Amino acid sequence: MLNRRNLLGVVAIASSALMSMPSWASDEAPDVLVKRISGEVMAAVKADPAVQGGDVNRIMELVDEKIMPSVNFSRMTASAVGRHWRQATPEQQKQLQSEFKTLLVRTYSGALGEVKDQTVTFRPLRARPEDTEVVVRSEVRGRGEPIQLDYRMEKTTEGWKIYDLNVLGIWLVETYRTQFSQEINARGIDGLIAALSQRNKSNVGKTG
């Protein structure tokens with residue numbers, strides 16, 4: 001039976017892949033790229049005591065160094081905010097991206113220490129050469145049942161980039177879109193920014 005520890009380990013693998021994809025991998029096929037990164041990241045996480053301990057500052061450093069050139073975070077944030085994104089001013093969009101990134105990092109930082117003996121297997125990629133958006137499907141195997149872990153990816157001028165994750169059939173962006181929409185409907189875009197900021201402040205020093 002899947003428990004919280006196992007789930008956190010899976011999320012850690014996904015989050016780590018987001019944080020560690022190098023910009024020079026622009027010519028790699030999307031599934032090949034994620035395969036390589038998953039292996040490299042799992043090895044790196046296991047070798048870094050600070051990451052294993054959920055050191056938020058260390059995680060933030062990794063994100064600042066790796067995530068922005070590796071993931072279409074603007075699209076991820078815009079998708080999470082949904083139809084309200086176009087109503088936001090450039091400054092509000094900037095604040096939303098910043099708070100959303102902090103939220104994701106602080107939410108999952110404790111999970112990085114849960115990466116122990118998991119292995120990742122990939123399903124054959126179903127895509128045509130002309131496709132510009134694909135889903136890379138994988139399973140994380142450990143002591144419990146296999147756990148579904150999929151990546152939505154898009155082809156850009158800088159190579160393939162991730163813009164959403166699916167863990168156990170639940171897409172990350174869609175989950176946050178529901179929460180964000182409720183907050184915006186109740187308090188507006190500034191209300192969402194304030195709520196995210198408050199949540200991040202309350203999570204300072206916490207992991208998981």
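Close-up 1. R141 is partly exposed at 38% relative accessibility (buried is under 20% relative accessible area, exposed over 50%, partly exposed in between; 1.4 Å probe, protein chains only). E139 is buried at 18%. Their side chains meet in a salt bridge, 2.9 Å from N to O (a side-chain nitrogen of Lys or Arg within 4 Å of a carboxyl oxygen of Asp or Glu). Salt bridges with shared partners also join R75, E133 and E154 into one network. The count of salt bridges comes to 11.

This is a predicted model: local features need pLDDT of at least 70, side-chain atom pairs count only at pLDDT 80 or more, and totals for chains, interfaces and linings use all residues. Residues are numbered from 1 along each chain as its sequence is written, and side-chain values use heavy atoms, leaving out hydrogens and water.

**Close-up 2. The salt bridge of D150 and R137.** The closest N and O atoms are 3.4 Å apart. D150 lies in strand β3 (residues 147-156) and R137 in strand β2 (residues 133-141), so the pair ties together parts 13 residues apart in sequence. Strands (E, at least two residues) and helices (H or I, at least four) are DSSP runs, numbered from the N terminus. D150 is buried at 2%; R137 is partly exposed at 37%.

**Close-up 3. Q92 in helix α6.** The helix covers residues 90-108. Q92 is buried, with a relative accessible area of 12%. Beyond its neighbours within four places in sequence, Q92 is in contact with Q87, I189, D190 and I193 (heavy atoms within 4.5 Å).
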